Amino acid sequence: MRRKIGQLVLLLLILFGMILAGTKKGYQKDVYSAHYVPLDEVCEELSFSIYKEMDWEQILSQKEGYLTKKTAGKILASLGLKEYIPLPEKSGNTALDRREWSSVYTEILAYLDDEKTVTMQNLLLMDVIESDSGCILVTNEGDYPSKYGQHFLTAWDNYQFYLLDGTCVGIAGISEEEALVDNTYIKSVEEGTLTFLSGGAEYEIPVDVSEKGVTEGVADLVFSDGKLQIVRKKEQEIGGKLLSYDENTIEIEGYGRISHTGKIPVYELLEGEDVTESSISKVVLGNMEVSYVIGEEEVCAILIRTPAVIENIRVLLLADDGGKFRSAVYLKADTDARIRFGGNESDYAAGTLLDVSTWFTECNDTFSIQPVTENGKIFLCDEVGNTISNGYPGSVEVRRYEEGYTVVNSVPFETYLTAVVPSEMPSTYEKEALKAQAVCARSYAYIQLMRADLAAFGAHINDSTSYQVYNKVEAGEASRQAVEETKHEVMTYADEVIEAYYFSTSMGYTDTAEVWNPEEMDHYGYLKKVCLNTPETDLDLSDEKTFSDYIRTPHTGFDSEIKYYRWTAQADFHGKEDEIRQILENRHSISPRNVIYYESDGKNETDSMADFGMLEGIEVEKRSTSGSILTLRLSYEHGMVKVFSEYNIRKVIGLGVTNITYQDGSESTGGTILPGAAVSLVKEADNVYTLYGGGYGHGLGMSQNGANGLAKTGMTYKDILNFFYKDISITSLAEK
């Protein structure tokens with residue numbers, strides 16, 4: 001009898017819980033979290049106000065843990081809104097449900113959140129991923145961290161979420177609106193289950209028998225009431241090479257610029273492989289025939305059906321001031337040429353001067369010119385027809401932007417290298433050194449080609465030292481031969497093509513990637529400390545005195561005869577405070593972890609150096625074992641700055657340099673950047689220093705002058721590359 005009574009009581013409790021929970025799917029999992037609002041959730045929702053989350057935790061502390069009418073009244077009183085926002089008719093200790101609190105919270109936002117920092121959005125919940133701080137809500141509009149809801153939210157329901165700074169701070173409840181998961185890729189519909197890709201993940205959902213006719217492809221999925229209701233397939237496709245893209249448009253060869261949806265999913269449909277979702281970075285600019293799914297006259301998705309075939313590299317030709325844009329563009333070809341613009345083609349005779357701006361009066365398409373013969377070249381000219389550049393093989397494209405015109409040279413990949421090698425290394429250098437340079441240039445260019453940092457301008461790279469110097473010295477027989485004899489060869493590390501960094505001259509050692517203060521060093525395992533001195537020694541130059549003694553002592557090595565191997569300089573930082581501050585603030589804005597502001601104690605960080613006062617001194621805080629400065633410390637009257645990364649360090653010290661004397665006695669005055677970061681600072685007076693340094697460039701990878709010295713000893717280009725880059729293989733791009 002007792003057992004039956006106990007069972008009856010248990011049944012009544014379960015029924016009571018179901019009444020409280022309602023019948024909505026998922027709420028039974030946690031009655032209170034689903035219907036009532038925990039105070040910690042309320043505290044986070046209110047963190048937009050003058051009180052922060054911790055303040056609210058103190059104001060609202062109570063045993064219940066859930067929002068009651070009494071606590072809601074305390075909130076309104078604290079915000080000065082008690083007279084303006086009514087509360088539901090309930091007793092003081094009765095909990096407010098989510099609907100009731102949402103109504104009050106909406107009124108609070110209307111009164112106090114003038115800048116609309118908190119928004120309420122209807123989002124379809126697709127998945128919930130547990131995290132250390134709670135969970136990640138995966139929705140049809142993106143992922144949102146949250147501390148709440150993982151125990152009662154249900155996938156494929158549409159919710160009203162409160163969002164603040166990209167975080168879900170609260171849950172208003174269920175939304176009755178339809179929700180759209182757009183531009184998914186349907187992989188299959190089998191046995192009542194639809195499998196699709198979206199946002200880089202794969203999902204399986206049940207479907208009605210009526211959806212059996214749905215086939216693979218790009219589609220929009222419409223959800224309501226926790227179920228898939230409609231499948232809208234997108235069948236229209238066009239094909240062609242991707243030439244450029246930005247946040248609004250995508251440029252397709254043969255079609256020009258077309259608007260896109262803002263986020264373009266890319267699906268790989270390679271033969272014999274599973275369908276996967278990737279990103280637009282997988283579409284190799286100008287080297288891959290792909291399909292574009294069109295919906296409502298916009299590009300909705302990209303389909304990759306065949307791998308890229310690397311044929312061309314696209315180089316942005318910078319203006320004389322080093323900028324991307326030009327006020328005018330004049331061109332001519334040394335052979336007959338064909339022009340494409342606005343969907344039309346026209347032929348122009350060799351030597352005809354073209355003012356490109358006259359074409360853009362009709363439309364804003366891309367202007368393209370290409371010689372009709374393989375050996376023809378295009379020249380940049382001034383307005384009267386004088387050539388102002390070396391000739392460019394391949395084709396030249398001009399685009400117009402609000403800031404001006406850009407010029408891009410699309411050139412065969414191997415041909416590009418023949419104009420990089422002589423621009424980066426004198427053609428008089430040893431043949432094996434030139435071949436080593438060719439493999440370095442090819443490896444580096446391949447990485448940049450796959451990355452396409454300048455895709456918004458229709459380019460992979462530019463023609464400056466930011467990437468590789470291109471066509472500043474015309475290709476000669478030596479450079480052509482170096483490229484031809486190493487055709488397709490690149491260096492790989494862990495089966496990936498390496499970013500083959502190189503520089504002018506060492507100071508006796510090369511360095512590791514720590515001089516750049518990277519967040520991860522593993523990627524740069526092939527960049528090791530290498531000694532170029534003879535006999536070879538492995539000195540630890542991280543100690544200040546050891547480095548000072550080394551840099552002032554003569555040594556012999558594979559590039560020790562080059563004038564940059566050793567140098568001295570005078571630096572005076574008086575009157576340079578404003579320039580230094582500008583550099584530091586600029587570099588801090590680019591990478592805060594590489595320029596850090598501290599209070600005077602050097603321990604507590606601060607957001608600004610505006611009140612630091614006068615510069616009192618500069619000193620080295622830390623060096624690498626190869627001697628490069630890793631941390632430079634600038635002391636001020638009321639603060640301190642620590643500078644990381646060799647470029648930043650060279651830039652800051654370089655501001656004070658008045659003259660540099662090289663080991664051959666030659667001099668240079670001023671300059672904007674120090675030759676290298678392997679330098680000691682000897683204080684002569686307040687803010688006046690004598691510098692003792694060596695090397696030219698960042699010091700990572702191959703010393704070009706060192707490579708020439710090694711070649712003179714009989715080393716082959718493969719020997720040279722394995723000397724500078726560790727644990728690498730030399731392989732052919734044709735095999736990748």
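The structure holds 31 salt bridges. Keep in mind as you look around that this is a predicted model. Side chains of opposite charge can pair when their charged atoms come close.

**Stop 1: Arg98 and Glu41.** Select these two residues and show their side chains. They meet in a salt bridge, with 2.9 Å from N to O. Arg98 belongs to helix α6 (residues 98–112) and Glu41 to helix α3 (residues 39–45), so the pair ties together parts that are 57 residues apart in sequence. Are the two partners buried or exposed? Arg98 is buried, and so is Glu41.

**Stop 2: Asp274 and Lys187.** Next, select Asp274, which forms a salt bridge with Lys187; their closest N and O atoms are 2.9 Å apart. This pair links distant parts of the chain, 87 residues apart: Asp274 sits in the loop between β14 (266–268) and β15 (276–278), while Lys187 is in strand β6 (residues 179–190). Lys187 has 13% relative accessibility, so it counts as buried.

**Stop 3: Lys241 and Glu311.** Now pick Lys241 and its salt-bridge partner Glu311, whose closest N and O atoms are 3.8 Å apart. Here, too, distant parts of the chain are linked: Lys241 is in strand β11 (residues 237–245) and Glu311 in the loop between β17 (298–304) and β18 (312–316), 70 residues apart. With a relative accessible area of 16%, Lys241 is buried, whereas Glu311, at 40%, is partly exposed.

**Stop 4: a network.** Select Glu251, Arg314, Glu397 and Arg399 together. Salt bridges that share partners join these four residues into one network.

**Stop 5: helix α11.** Move on to residues 577–590, the 14 residues of helix α11. At 1.5 Å a residue, the helix should span 20 Å, and its end C-alpha atoms are 20 Å apart, so the two values agree. Colour Glu577, Ile580, Arg581, Ile583, Leu584 and His588, which are buried. Look down the helix axis: these buried residues fall within an arc of 165°, so they line one face of α11. On the other side, Asp578, Gln582, Ser589 and Ile590 are exposed. What do the buried residues of α11 pack against? Show β32 (595–598), β33 (615–623), β34, β35 and α12 (646–654) to see their packing partners.

**Stop 6: His638.** Finish in the loop between β34 (629–636) and β35 (639–644), where you will find His638. Beyond its neighbours within four places in sequence, His638 is in contact with Ser600, Asp611, Phe612 and Gly613.

How values were computed: Residues are numbered from 1 along each chain as its sequence is written. This is a predicted model: local features need pLDDT of at least 70, side-chain atom pairs count only at pLDDT 80 or more; totals for chains, interfaces and linings use all residues. Side-chain values use heavy atoms; hydrogens and water are left out. Helices (H or I, at least four residues) and strands (E, at least two) are DSSP runs, numbered from the N terminus. Contact means heavy atoms within 4.5 Å. The expected span of a helix is 1.5 Å times one less than its number of residues. Buried means under 20% relative accessible area, exposed over 50%, partly exposed in between (1.4 Å probe, protein chains only). The arc is that of the directions from the helix axis to the C-beta atoms. A salt bridge is a side-chain nitrogen of Lys or Arg within 4 Å of a carboxyl oxygen of Asp or Glu.
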